Amino acid sequence: MKDTIISLLNEALATLKRRGVVPEDTSPAIKVDPTKDKAHGDYASNLALMLAKPAGKQPRELAELLIDALPKSDAVRKVEIAGPGFINVFAATDAVARIVPAILDAGDTFGRSLTGAGQKVQVEFVSANPTGPLHVGHGRGAAIGDCLCRLLEATGYDVTREFYYNDAGAQIANLALSVQARVKGLTPDDGAWPEDGYRGAYINDVALGYLAGDTVDADDQHVTAAADGDDLEAIRRFAVAYLRREQDLDLKAFGVEFDVYFLESSLYSENKVEETVQRLIAGGHTYEQDGALWLRTTDFGDDKDRVMRKSDGAYTYFVPDVAYHLNKWQRGFKQVIDEQGADHHSTVTRVRAGLQALEIGIPSGWPDYVLHQMVLVTRSGVEVKLSKRAGSYVTLRDLIDEVGRDATRYFLAARRADSQLTFDIDLARSQSNDNPVYYVQYAHARVCSVMRRAESDGLPFDLAVAREHLALLEADQEKALMNRLARFPEVVEHAAASREPQQIAQYLQDLAADFHTCYNAVKVMVDDGATRNSRLALGLATRQVIRNGLDLLGVGAPEEM
RNA sequence: GCGCUCAUAGCUCAACCGGAUAGAGCAACGGCCUUCUAAGCCGUAGGUUGCAGGUUCGAGUCCUGCUGGGCGCGCCA
């Protein structure tokens, strides 16, 4: 419908150009928006306002000329000029209703597009160090990252989900020492406990597994414990694998799976870090000072230069980061999105600067970043800070166990990434209309219930009958619902392009509201077969779009509540 | 102090590359189940979009300054 209007306006515009009313060289991006107020029709365009200046005419006068030049179409019932010069289009009922069979025919593919044209895009997210269970912040990253991937897949991209983890470094050494202390029977309260050691209860589980000689099969690691308390390297390997497996189980429970786990240690073992350093030196943006090697990141917008190689010979953390991203580039990802916590935002400038300094043609804005703000968890209005297992933070597993996967995913993905999120456990648990997840799922279940009723009444849905009588869907509530359904593809498109999964959640709220309104206003199971089947068709189309939308969020669509 | 980010109804949040009278839900109040799931619907009330300027036909949206919250600012990761 929207496309129809755009093409009609385009023809009108061409006519005005021929008549010399509008200069030939003006080509405004014609914008047609669904109206907020149904008194303004179904769609409105600001074309006349856009053309006013180049044409040197009053917007309302131009709008009139445009409408006169508009080709006749049976999809349009009425066109009006309103306000400062908006062109309001009232769609013919049967034209609006065409969306219903279109959705039913498209099924699961409704809302999908080929925009991405099969281009490769990589999304890196979660990327937690294997030093403990995933926390809520990781959960937010997992929800946003995975939904982004689903959105990109739905818009035709070839998506790779990647998880990068630091399995080398100081934090891992600390992990190994902590586990070793437990292996030797120490507790965090003992004086001999390692300084800054990990104190969570899970460390003891790792130690017990190690002493028992357990074998761990993580996604990419298979380690059998040496059970030797003095072999720190063996403890390290076991602990990393153990916690990787634990994180993996958390992610599976959350419905998130990765295509690639990338080990930081591989960058060292394959000499990629050293190679990157040599390239940076060759690029000419480095210098030696105070016994250290510096990268002149100020050449690329940083506020001060950064040390690459410390005077003790070790590299600072962002050097392997640059090496890692060079590797992504070399793997052919022209589009990369890094989803991470906003507490790491200072790495953005550094990594990009490092990539620029390579002087190998990487665009300055590459990679893309989506940064999410912190998550605060509350129960009974009070902040929850601790979990039994991790000690110092609330784990993702705690939330999944307590409020369920669907609600957890929905809540974590339903807010803009760059605003702080308060996760209200009571709200997420509540089986009531306070809870947005249930509100949407209930709409889906309601359609299913009507369909069951149709079956049990011996009046099964007949699509052929529905197709003949779609013009019967003429109640205001039905039209509003159909207009909403028709918008789904562009909502998906926009959410993907702007990297904002929460737009899908918002849309589903609106769609569910339109449906519930319709449900209460218009009875489906009426005696007249033509009316009944067209209404059933509208219900089925709604169910399909809710299902498709929930699937983009990774949330289930139950058939009954 | 510098940088990034956020600020919208009492609360939690929307507002689709700048569009018409800023929208939902919750909380409050009043209605609707002998009819398909009342986990729902309808109605009432609730706003100087943090403050002050600017850009223009038009600003919650873009620009500048300020105030307040979060995060970051190490030869830590």
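A residue counts as buried when its relative accessible area is under 20%, as exposed when that area is over 50%, and as partly exposed in between, using a 1.4 Å probe and protein chains only. With that in hand, we can look inside this structure. It is a predicted model, in which local features need pLDDT of at least 70, side-chain atom pairs count only at pLDDT 80 or more, and totals for chains, interfaces and linings use all residues. Residues are numbered from 1 along each chain as its sequence is written, chains are lettered from A and ligands numbered from 1 in the order in which they are written, and side-chain values use heavy atoms, with hydrogens and water left out.

**Aromatic rings**

Let us start with the rings. Rings of Phe, Tyr and Trp (its six-membered ring) pair if their centres lie within 6.5 Å; planes under 30 degrees apart are called stacked, those over 60 edge-to-face, and the rest tilted. By this rule, there are 16 aromatic pairs. One of them joins Phe-163 and Tyr-261: the ring centres are 5.2 Å apart and the planes meet at 45°, so this pair is tilted. Where do the two residues sit? Phe-163 belongs to strand 6 (residues 158-165) and Tyr-261 to strand 9 (residues 260-263), so the pair ties together parts that are 98 residues apart in sequence. Helices (H or I, at least four residues) and strands (E, at least two) are DSSP runs, numbered from the N terminus. Phe-163 has 0% relative accessibility and so is buried. Tyr-261 is buried too, with a relative accessible area of 11%.

Another pair is formed by Phe-488 and Tyr-507, whose ring centres are 5.4 Å apart with planes at 35°, so this pair is also tilted. Phe-488 lies in helix 19 (residues 476-497) and Tyr-507 in helix 20 (residues 502-521), so here the linked parts are 19 residues apart in sequence. Phe-488 counts as buried at 1% relative accessibility, and Tyr-507 counts as buried at 4%.

Phe-163 and Tyr-261 also take part in a cluster: ring pairs link them with Phe-125, Tyr-165 and Phe-258.

**Charges over rings**

A charge sits over a ring if NZ of Lys or CZ of Arg is within 6 Å of the ring centre and within 35 degrees of the ring normal. The charged end of Lys-120 is placed this way over Phe-333, 4.6 Å from the ring centre. Arg-245 lies over the face of Tyr-242, and its distance from the ring centre is 5.2 Å.

**A pocket and two cavities**

On a 1 Å grid over the protein atoms alone, a cavity is a set of points where a 1.4 Å probe fits but cannot get out, a pocket is an open set with protein on both sides within 12 Å along at least five of seven lines, and lining residues have an atom within 4 Å of a point. Grid points are joined across faces, edges and corners, and a volume is the space filled by probe spheres set on the points. For the linings, Ala, Val, Leu, Ile, Met, Phe, Trp, Tyr, Cys and Pro count as nonpolar, Asp, Glu, Lys and Arg as charged, and the others, Gly among them, as polar.

The second largest pocket holds about 590 Å³ of space. Its lining has 20 residues, and the closest to its centre are Thr-35, Lys-36, Lys-38, Ala-480 and Asn-483. Which element gives the most to this lining? Helix 19 does, with seven residues. Domain 1 (2-91) and domain 3 (433-553) each provide at least three residues of the lining; these bounds come from an automatic or database domain assignment.

The structure also holds two cavities of 30 Å³ or more. In the largest cavity, the closest of the 15 lining residues to the centre are Phe-515, Val-524, Arg-535, Leu-538 and Gly-539. The second largest cavity is lined by Ile-5, Leu-8, Leu-9, Leu-70, Val-76, Val-79 and Val-89.

| Space | Volume | Lining residues by type | Largest share of lining |
|---|---|---|---|
| Second largest pocket | about 590 Å³ | five nonpolar, five polar, 10 charged | helix 19, seven residues |
| Largest cavity | about 150 Å³ | 12 nonpolar, one polar, two charged | helix 21 (529-553), five residues |
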